[in-house]
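Here is a short report on one protein chain. It covers the fold, the charged side chains and the backbone.

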Amino acid sequence: MREDYVVMGKVVGSFGINGWLKIKSFSEKIELLGKYENWYFSQDEKNWSEKKIEQFKINLNKISVKIYGINDRTAADGYKGYLIGIPRQSLPELANNEFYWNDLIGFEVVTLSDVLLGKLETFIETGANDVMVVEGDKQRLLPYTPSVVKKVDVKQQQIIVDWDENF
């Protein structure tokens with residue numbers, strides 16, 4: 001698990017001429033990010049800088065945010081690609097068998113017959129269910145559902161799946 005911050009989103013671009021940022025949320029509920037007054041920005045998940053939120057908007061399941069001190073499109077463009085983190089201690093406690101997506105990134109994805117499919121690269125939110133993007137000998141897209149994901153072993157950093165290795 002990553003210790004200090006949980007990556008909750010990414011800046012995907014600027015919006016308008018007044019310094020607004022377009023955000024891709026990695027949270028199951030995109031409105032969750034709007035509950036935090038301060039966000040932390042990083043390019044490498046090691047060095048974080050704190051920024052205060054001026055305004056937060058959701059329109060058609062897309063997030064746009066205005067940060068204090070970012071007042072034009074040029075300044076906003078400089079944040080494209082930055083990750084958005086929230087301090088782990090600020091996030092709600094999770095129940096057993098619940099995980100922040102960020103904590104699972106990099107885990108090995110292994111079949112029930114112990115065949116390594118690759119490492120979990122990211123998640124895709126589809127609406128119906130979340131999808132794991134697994135990078136190995138080829139890219140695989142696996143649904144994150146109880147019928148596929150049989151076990152998440154945090155100690156071994158593995159996700160055990162019921163999946164045909166040839167698919």
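## Elements and layout

Strands are DSSP runs of E, at least two residues long, and are numbered from the N terminus. By that rule, K22 sits in strand β2. The model is predicted.

The chain has two helices and twelve strands. Along the sequence the order is β-β-β-β-β-α-β-α-β-β-β-β-β-β. The C-alpha atoms fill a box of roughly 55 × 30 × 25 Å along the principal axes. The chain has 167 residues, and 41% of them count as buried.

## Confidence

The mean pLDDT of the chain is 90. A score of at least 70 is reached by 98% of the residues. Confidence is highest in strand β7, residues 108-111, at 97. Confidence is lowest in α2, at a mean of 82. Where pLDDT is low, predicted coordinates should not be read in detail.

Side chains of opposite charge can pair when their charged atoms come close. The structure holds four salt bridges. One of them joins K52 and E37, with the closest N and O atoms 3.3 Å apart. K52 belongs to strand β4, residues 49-59, while E37 lies in the loop between β2 (20-25) and β3 (38-42). The pair therefore ties together parts that are 15 residues apart in sequence. K52 is partly exposed, at 40% relative accessible area. E37 counts as exposed, at 55%.

E54 forms a salt bridge with K66. Here the closest N and O atoms are 3.8 Å apart. The pair links distant parts of the chain, twelve residues apart: E54 is in strand β4 and K66 is in strand β5, residues 62-67. K66 is buried, with a relative accessible area of 6%. The cut-off for buried is under 20%.

Which residue meets the side chain of R88 in a salt bridge? The partner is D103, with an N to O distance of 2.7 Å. This pair also links distant parts of the chain, 15 residues apart. R88 is in the loop between β6 (83-87) and α2 (101-104), and D103 is in helix α2 itself. D103 is buried, at 6% relative accessible area. Helix α2 is also the element where confidence is lowest.

## Positive surface charge

Five residues gather in a patch of positive charge on the surface: K22, K24, K62, R73 and K80. K22, in strand β2, is partly exposed, with a relative accessible area of 36%. Patch residues must have over 30% relative accessible area and no salt bridge. K22 therefore clears the area cut-off.

K46 lies in the loop between β3 and β4. K46 counts as exposed, at 70% relative accessibility.

## Pairs far apart in sequence

I86 is in strand β6. I86 is buried, with a relative accessible area of 0%. How many Å separate the C-alpha atoms of I86 and Y5? The separation is 5.3 Å, although the two are 81 residues apart along the chain.

K46 and T122 are 76 residues apart along the chain. Their C-alpha atoms are separated by 18 Å.

## Positive phi angles

Most residues other than glycine have a negative phi. D114 has a positive phi of about 65 degrees although it is not a glycine. D114 lies in the loop between β7 and β8, residues 116-125 for the latter. At 61% relative accessibility, D114 is exposed.

Q157 has a positive phi too, near 55 degrees, and is likewise a residue other than glycine. Where does Q157 sit? Its place is the loop between β11 (149-153) and β12 (158-161). Q157 counts as partly exposed, at 40% relative accessibility.

Note on methods
Residues numbered from 1 in each chain as written. Predicted model: local features only at pLDDT ≥ 70, side-chain atom pairs only at ≥ 80, totals over all residues. Heavy atoms only, no water. Helix = DSSP H or I, 4+ residues; strand = E, 2+ residues; numbered from the N terminus. Buried < 20%, exposed > 50% of the residue type's maximum accessible area, 1.4 Å probe, protein only. Patch = residues over 30% accessible without salt bridge, like charges linked within 9 Å, V, L, I, M, F, W, Y side chains within 5 Å. Areas by Shrake-Rupley, 256 points an atom, 1.4 Å probe, with all protein chains shown as cover. Lys, Arg positive; Asp, Glu negative; His and termini not counted. Charge placed at Lys NZ, Arg CZ, Asp CG, Glu CD. pLDDT = per-residue confidence, 0-100.
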